[in-house]
Amino acid sequence: MSQDMESFREQVLKLTQVGIALTAVHELDQLLEMIVREARAFTSADAGSLYLREGDSLRFAVSQNETLSRRLGPDGEDELFSPFTLPITEHSIAGYVAVTRKNLNIPDAYSIPREAPYGFNTSFDERNDYRTRSILTVPMLDHRGQVLGVLQLINATVTGQVVPFEPEREDLVRSLASQAAVAVNNARLTSEIKRIHLDTIYRLAMAAEYKDKDTAQHVRRVSNYSASLARRLGWGAADVELMLYASPMHDVGKIGIADAILLKPGRLTPEEREAMQHHTTIGSRILAGSESPVLQMSELVAWTHHEKWDGSGYPRGLKGKDIPQAGRIVAVADVFDALISKRVYKGALGVEETLGILRQDAGKHFDPEAVEAFAAGMDEVLAIRDRYRDEEQAAKSECAPAPGKPAGASPGGSPIGQGTGQGA
Ligand SMILES: [Fe+2]
Ligand SMILES: [Fe+2]
């Protein structure tokens, strides 16, 4: 085989491997970083950027720069990256590629012919004392040929010298960008499916708690408290996510409890209390027998969230670590939320008072390790409480964020101006 043939074969092989690796990453931000990293490695580019299409604009999503991050040190990367959007027009390099779907291989950014519709924006170079020379920009086309974004590689480097990007590589980079586009589409779909899945779970859980005067926000809070506590207890990311999805269903069994008992204002008789306790076994029966790991965990949680560490809980009187950890976690999260929230029949307790009760009951009602881990994560817990405030409370407090919105967050921040990213 000739040397050219051999090197082409190697490149195609490498590209195939990258394509496969991309399909394994489902988290969008991680995926975008990986696309730029791999494309830079493939072309020996010093820097690279990725823009995602959002309607009629391109959003600057990733920026990597080897030279500058070395100069700025380990935390310098963020200084290079300021979010902004570009209109999709032929005036910018990235915009031109998005409009025409052509590759643009520019040997020197500072000698673009006057008659070209696009120009090079020098502001990134000026701000960072960088010199952009060669730029290879390709569209990211998905399987339907839609422009999903634009990939831009900067300063191909051979033995320390910046050189133009090899024209022979253009098509391979274009193909890499399109594989990346498909992976981006998949990651978006996955996250959309997860979002819908979680939303459905919350609504089902809320239906069960609805009669009980617990609020829609209660199940969201318990879900997030439980996931946060599981993480603090050392659970891996996948199991933490399972917990997020499984815990809201802890009380679905209440759907099978008679209104006369569930809604009774006064004390329950011993018989009524016993009937009420059946919500654990009813819940586990509703959720049983599924192959879905989420439903399997929610069955376990529904069944065991009223067990107590000292064996005095129900329905089975399990003790200590015989109670599945998922149940011990949700027990802490559920009681914490009940105490700290205002209900028709009671006021809300303060944080210290609530924690005091949990600590007092550690080793009796609760797993002591779970209580300590929960208390240690109080900052996160309170952020969750504020994020998913009950509507009535939110309406009363002037500075409270709208339900479902993170407290104090202004998503995206304000754009710092257009076309200030590298290359653009
Ligand atoms: Fe319950
Ligand atoms: Fe609950």
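Which residues form one aromatic cluster? Y51, F60 and F84 do. The model is predicted, so local features need pLDDT of at least 70 and side-chain atom pairs count only at pLDDT 80 or more, whereas totals for chains, interfaces and linings use all residues; side-chain values use heavy atoms, with hydrogens and water left out. Residues are numbered from 1 along each chain as its sequence is written, and chains are lettered from A and ligands numbered from 1 in the order in which they are written.

The structure holds nine aromatic pairs. Rings of Phe, Tyr and Trp (its six-membered ring) pair if their centres lie within 6.5 Å; planes under 30 degrees apart count as stacked, over 60 as edge-to-face and the rest as tilted. The ring centres of F60 and F84 are 4.7 Å apart and the planes stand at 40 degrees, so this pair is tilted. F60 lies in strand 2, and F84 in the loop between helix 4 (77-80) and strand 3, 24 residues apart. Helices (H or I, at least four residues) and strands (E, at least two) are DSSP runs, numbered from the N terminus. F60 and F84 are both buried. Buried means under 20% relative accessible area, exposed over 50%, and partly exposed in between (1.4 Å probe, protein chains only).

A further aromatic pair joins Y225 and F374. The geometry is edge-to-face, with 6.0 Å centre to centre and 85 degrees between the planes. Y225 belongs to helix 8 (residues 216-232) and F374 to helix 16 (residues 368-376), so the pair ties together parts that are 149 residues apart in sequence. Both Y225 and F374 are buried.

Strand 2 (residues 57-65) is largely enclosed by the rest of the structure, because seven of its nine residues are buried. Strand 1 (residues 45-54) pairs with strand 2 in the antiparallel sense over eight bridges. Strands count as paired if DSSP finds at least two bridges between them. Y51 has F60 as its bridge partner in strand 2. The two strands form a hairpin with two residues between them. In the turn, G55 has a positive phi of about 65 degrees. Strand 2 also runs antiparallel to strand 3 (residues 85-87), joined by three bridges. There, S57 has P87 as its bridge partner in strand 3.

Helix 16 has A370, V371, A373, F374 and A375 as its buried residues. Their cover includes helix 8, helix 14, helix 15 and helix 17 (378-387). D367 caps the N-terminal end of helix 16. One of its side-chain oxygens lies 3.0 Å from the backbone nitrogen of E369.

S341 lies in the loop between helix 14 and helix 15 (351-361). S341 is buried, with a relative accessible area of 4%. Its side chain makes a polar contact of 3.3 Å with that of R221. A polar contact is a pair of N or O atoms within 3.5 Å; within protein, one must be able to donate a hydrogen and the other to accept it, and residues adjacent in sequence count only if both atoms are side-chain atoms. Leaving out residues up to four places away in sequence, S341 touches R221, K346, G347, A348 and D390. Contact means heavy atoms within 4.5 Å.

The iron ion (ligand 1) is coordinated by D251 (OD), H279 (NE2), H305 (NE2) and H306 (NE2), at 2.0 to 2.2 Å. Donors are N, O and S atoms within 2.8 Å of the metal (3.2 Å for Na, K and Ca); water is not among the atoms, so sites may look incomplete. The angles among the four donor atoms run from 84 to 172 degrees, and the site is irregular. Four donors count as tetrahedral if all angles lie between 85 and 135 degrees; four count as square planar and six as octahedral if opposite donors are over 155 degrees apart and all others between 65 and 115; anything else is irregular. Along the chain, the donors follow the spacing D-x27-H-x25-H-H. H279 lies in helix 12 (residues 279-287) and H306 in the loop between helix 13 (293-304) and helix 14 (325-340), 27 residues apart. H279 is buried at 2% relative accessibility, whereas H306 is partly exposed at 21%.

The iron ion (ligand 2) has H218 (NE2), H250 (NE2) and D334 (OD) as its protein donors, at 2.3 to 2.6 Å. H218 lies in helix 8 and H250 in the loop between helix 9 (237-246) and helix 10 (259-262), so the pair ties together parts that are 32 residues apart in sequence. H218 is buried at 2%, and H250 is buried at 0% relative accessible area. The iron ion (ligand 2) and the iron ion (ligand 1) are separated by 5.4 Å.
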